[in-house]
Amino acid sequence: MPFIRLLFVICLTVVSSLGPLRAAQAETSYDQHVLLIGEQSALGHRLVRSICFAQAGIDVARNRRVIEQTRTKISTALLALTEGTDTISPITNGNIRTQIGSVAMVWKGLDKKAVAFLSGTGLTDEEVLKLTFKSQSLEKLWRNVSQSLELQTSVNQAPEKLARTRIITTATNQSQLLQEAGKEACLIHLAHASQTGQTETAQVESLKGILATFDKNIFDLTFVRPAQSPIAQPDVLEQAAFNTWQDWVGLETLFQGIIEDPNSQDMINLLPDMSFGIEFLDTKLHENIAIFMSL
């Protein structure tokens, strides 16, 4: 009888420990989904930006590699979200899976253009300029997925968990804004030769808005939120964020040069440094997110 009682107590202890364990696993899975989906909103712009830079003859070999890498990242993410991996559980909500299906359809169209560009077929400047609409559609569809995921899970989340999710979302948005800014800057260059001044003006105004949002966000993430947080930010994250902000200050001057004189013949001299600077800063942004996610 004592043995049976002991066995009962052990079983009860194991069962009671499963609840917190599953909750922790669910939170980790949710963070992974938020991060992966957030990262996807940048990749359509990254693909078109790299196509544009390569089309303009800027850092062609590296930008072609970026195109290939981006194609792989998007395809891998779609598979991970629907089928799951060793580290990421699949999305099971029917509505969200339908939305991801819509993303996949739009992605097929953009990917077909990328394949044509990489092959001997190539694309004209006008065709490259039109790709921006596909990347914008892809971004909007991913945002719908992100919003649906947040709506599905936010009801049961604690305030501190919601705050963490918003930081992850804002941080991943930075990659999207950076890639979109680079895309717009390069398209301004192509539009100068291929399109009307009115199109250039619209793109310059779009670039101004993107840069203003990025600048506000990076200042907020680097200085404002750490100051408002009741918990001291780890030194490693604080230093990484500050270094990234400094890198951004340098890159921002290249963007401002294009905004101030988009018709300048010197603009082509700004784009090679910008091409490298965007990828360098994007790597820093991802490293910062990885540090934050590990906390």
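Buried residues are those under 20% relative accessible area, exposed ones over 50%, and partly exposed ones in between (1.4 Å probe, protein chains only). The structure is a predicted model, in which local features need pLDDT of at least 70 and side-chain atom pairs pLDDT 80 or more, while totals for chains, interfaces and linings use all residues. Residues are numbered from 1 along each chain as its sequence is written, and side-chain values use heavy atoms, without hydrogens and water.

Helices are DSSP runs (H or I, at least four residues), numbered from the N terminus.

Arg71 is bridged to Asp111, with the closest N and O atoms 2.5 Å apart. This pair connects distant parts of the chain, as Arg71 belongs to helix α2 (residues 60-83) and Asp111 to helix α3, 40 residues apart. Asp111 is buried, its relative accessible area being 15%.

A second salt bridge joins the side chains of Asp31 and Lys161 (2.8 Å, N to O). Here the partners lie 130 residues apart, Asp31 in helix α1 (residues 2-55) and Lys161 in helix α5 (residues 159-194). Asp31, Lys161 and Arg164 are linked in a network of salt bridges.

A further salt bridge is formed between the side chains of Arg49 and Glu279 (2.4 Å, N to O). Arg49 in helix α1 and Glu279 in helix α8 (residues 267-293) are 230 residues apart, and both are buried.

Methods: A salt bridge is a side-chain nitrogen of Lys or Arg within 4 Å of a carboxyl oxygen of Asp or Glu. Helices (H or I, at least four residues) and strands (E, at least two) are DSSP runs, numbered from the N terminus.
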